[in-house]
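The points below can be followed with the model open alongside.

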Amino acid sequence: MGWSRDLFRALWRALSKQVKEQVGTDQFGNKYYYIPERRNWRGQTIREKRIVEAANKTEVDYEVGTIPTEWEAWIRRTRKIPPTMEEILKNEKHREEIKTKSQDFDEKAELLSKKSNEELLAPPVETQIKGHASAPYFGKEEPSVAPTSTGKTFQPGSWMPQDGKRHNQ
């Protein structure tokens, strides 16, 4: 089945006057083609095409990053001229340098933050939170169950004197 499809494609290209011009290859073995703008048999203008033939023919073998970013920019028409191999290798080297510099910077920043945290920050103070701010005795000593009497700081407790008389009658 595969040979018949290839034969049909070759026949179609020959009859449709679709001329592919190879503009380059990359380090992964992918081939890049350019098909110029043309008119079809009905007089319609068909815009230019930029095509990549992947080295891995099946979609299952495709992985992100198998097309260099420079070629991807050319395929998506964000750049006009196709990249050269020297440009791709130069940009790859630059990306590696940036990656190593950023790793070094992260390591230095981590060491500095550890040193500054140990030197500058005091150990956290343990606080004991008792009650809620809206409570009537917040920040004060809670009254005890037994009444206490020490002069000016008398606080009544939960004790109530028992009275034989009822006042609500």
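Which residues does Trp74 touch, not counting residues up to four places away in sequence?

1. The model is predicted. Leaving out residues up to four places away in sequence, Trp74 touches Val23, Tyr32, Tyr33, Tyr34, Arg50, Arg79, Lys80, Ile81, Pro82 and Pro83. Trp74 counts as buried because its relative accessible area is 2%, and the cut-off for buried is under 20%.

2. On the overall layout: the protein chain has 3 helices and 5 strands. Read from the N terminus, these elements run α-β-β-β-β-β-α-α. The protein chain has 169 residues, of which 11% count as buried. Taking contacts between residues at least 6 apart in sequence, 33% join residues at least 24 apart.

3. On the aromatic rings: the structure holds 2 aromatic pairs. One of them is formed by Tyr32 and Trp71, and this pair is stacked, with 3.9 Å from centre to centre and 0° between the planes. The pair links distant parts of the chain, since Tyr32 lies in strand β2 (residues 31–35) and Trp71 in helix α2 (residues 69–75), 39 residues apart. Tyr32 is buried at 0% relative accessibility, and Trp71 is also buried, with a relative accessible area of 1%.

4. Trp71 also pairs with Trp74: the ring centres are 5.6 Å apart and the planes stand at 90°, so this pair is edge-to-face. Trp71 and Trp74 are 3 residues apart in helix α2, so about one helical turn separates them. Through ring pairs, Tyr32, Trp71 and Trp74 are linked into a cluster.

5. A separate ring contact involves a charged residue. Lys20 lies over the face of Tyr33, 4.3 Å from the ring centre. Tyr33 is also among the residues that Trp74 touches.

6. How many salt bridges does a search of the whole structure find? The search finds 7. One of the bridges joins the side chains of Glu48 and Arg50, at 3.3 Å from N to O. Glu48, Arg50 and Arg77 are linked in a network of salt bridges. Arg50 counts as buried, because its relative accessibility is 15% and the limit for buried is under 20%. Arg50 is also one of the residues touched by Trp74.

7. Another salt bridge is formed by Glu87 and Arg79, whose closest N and O atoms are 3.1 Å apart. Glu87 is partly exposed, with a relative accessible area of 27%. Arg79 is in contact with Trp74 and with Glu70.

8. Glu92 and Arg95 form a salt bridge as well, the closest N and O atoms being 3.1 Å apart. These residues are 3 apart in helix α3 (residues 85–120), so they are separated by about one helical turn. Glu92 is partly exposed, with a relative accessible area of 34%, and Arg95 is partly exposed at 32% relative accessibility.

9. Is Glu70 buried or exposed? Glu70, which lies in helix α2, counts as buried at 6% relative accessibility. Leaving out residues up to four places away in sequence, Glu70 touches Arg79, Pro83, Ile88, Asn91 and Arg95.

10. The side chains of Glu70 and Asn91 are joined by a polar contact of 2.8 Å. Asn91 is placed in helix α3 and counts as partly exposed, at 24% relative accessibility. In sequence, Asn91 and Glu70 are 21 residues apart, and in space their C-alpha atoms are 8.8 Å apart.

11. To sum up helix α2: Trp71 of this helix stacks with Tyr32 of strand β2, while Glu70 of the helix makes a polar contact with Asn91, a residue of helix α3.

Methods:
Residues are numbered from 1 along each chain as its sequence is written. This is a predicted model: local features need pLDDT of at least 70, side-chain atom pairs count only at pLDDT 80 or more; totals for chains, interfaces and linings use all residues. Side-chain values use heavy atoms; hydrogens and water are left out. Rings of Phe, Tyr and Trp (its six-membered ring) pair if their centres lie within 6.5 Å; planes under 30 degrees apart count as stacked, over 60 as edge-to-face and the rest as tilted. Helices (H or I, at least four residues) and strands (E, at least two) are DSSP runs, numbered from the N terminus. Buried means under 20% relative accessible area, exposed over 50%, partly exposed in between (1.4 Å probe, protein chains only). A charge sits over a ring if NZ of Lys or CZ of Arg is within 6 Å of the ring centre and within 35 degrees of the ring normal. A salt bridge is a side-chain nitrogen of Lys or Arg within 4 Å of a carboxyl oxygen of Asp or Glu. Contact means heavy atoms within 4.5 Å. A polar contact is a pair of N or O atoms within 3.5 Å; within protein, one must be able to donate a hydrogen and the other to accept it, and residues adjacent in sequence count only if both atoms are side-chain atoms.
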